[in-house]
Amino acid sequence: MAERYGVFLRPDPLTCAAVTRITGQLRAQFGLVSAGAFPPHATLAGSLPLAGPAEELLRALAPVAPFTVQNQGLEWLNGGLVYDVHGPELAQLAATVDAAVRPQLEPAPGLAADLFEPERWRAHLSLGSHDLAARPDLHEEVEAYVRGLAVEVPAEFPAEIVAVYRLEHETWTGSWWRAMTWEHVRSVRLASR
């Protein structure tokens, strides 16, 4: 198995539960599995083939203080249905992680590393992603279904926990999310100043 890493902001438990409920429903009703193949999160940096220990990435977070993330509701992003949680403080956190990640990257075949690019990066919580992007015929129906679930999700949550996950797949090509496995490596609580 080829190993990659993800550095993710973990939402509060109520938001995580809402995302899990929705992704479970989308799998049960439409067979959409990619968003639910991961723990609920906002990606700060993902699909990282690292040369050094993943835990080192968390040292960069020592001076970062917790802040509040606003959930701006459902949005379509790159063909996927997400909760839009983008904001300047979250972008700054992603930039901090990016600065720690880039020196540790090593070349790897398959999926490219998911890095912070200010003009393209948008913080979000995925509900339907890779496989939904390939099914535009389902977009309207899936959005109506998610709205019909009437899942209560907090309008905001504290950005307090950043976690590193080990992700594994044979080749990181094709529909890799169908056979990917993951393991929690370590979490860090952002320090109050």
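User: Hi! Where is the place of T15?

Analyst: Hello! T15 sits in helix α1. One thing to keep in mind as we go: this is a predicted model.

User: Thanks. Is T15 buried or exposed, and why?

Analyst: T15 counts as buried because its relative accessibility is 0%, and buried means under 20%.

User: Which residues is T15 in contact with, leaving aside its neighbours within four places in sequence?

Analyst: Those would be L125, V153, P154 and F157.

User: Let's move on to S34. Where is that one found?

Analyst: S34 belongs to the loop that links α1, residues 13-30, with β2, residues 42-48.

User: And is S34 buried or exposed?

Analyst: S34 is buried, since its relative accessibility is 0%.

User: What is S34 in contact with, again leaving aside neighbours within four places in sequence?

Analyst: S34 touches S129, H130, D131 and W177. With H130 there is a detail worth a look: a polar atom of the S34 side chain lies 3.0 Å from the backbone nitrogen of H130.

User: Which strands does β5 pair with?

Analyst: One is β4, residues 74-77, which pairs with β5 in the antiparallel sense over 4 bridges. Another is β6, residues 124-128, also antiparallel to β5 and joined to it by 4 bridges.

User: How many residues lie between β4 and β5 in their hairpin?

Analyst: There are 2 residues between them, and N78 in that turn has a positive phi of about 50°.

User: Last topic, the largest pocket. How much space lies in it?

Analyst: About 980 Å³. Its lining is made up of 39 residues, and T43, D114, H124, S126 and H130 lie nearest the centre.

User: Which element gives the largest share of the lining?

Analyst: That is β6, with 4 residues.

User: And what is the lining like by class?

Analyst: The lining has 20 nonpolar, 15 polar and 4 charged residues.

Terms used. Residues are numbered from 1 along each chain as its sequence is written. This is a predicted model: local features need pLDDT of at least 70, side-chain atom pairs count only at pLDDT 80 or more; totals for chains, interfaces and linings use all residues. Side-chain values use heavy atoms; hydrogens and water are left out. Two strands pair if DSSP finds at least two bridges between them. Buried means under 20% relative accessible area, exposed over 50%, partly exposed in between (1.4 Å probe, protein chains only). A polar contact is a pair of N or O atoms within 3.5 Å; within protein, one must be able to donate a hydrogen and the other to accept it, and residues adjacent in sequence count only if both atoms are side-chain atoms. Contact means heavy atoms within 4.5 Å. On a 1 Å grid over the protein atoms alone, a cavity is a set of points where a 1.4 Å probe fits but cannot get out, and a pocket is an open set with protein on both sides within 12 Å along at least five of seven lines; lining residues have an atom within 4 Å of a point. Grid points are joined across faces, edges and corners, and a volume is the space filled by probe spheres set on the points. Ala, Val, Leu, Ile, Met, Phe, Trp, Tyr, Cys and Pro count as nonpolar, Asp, Glu, Lys and Arg as charged, and the others, Gly among them, as polar.
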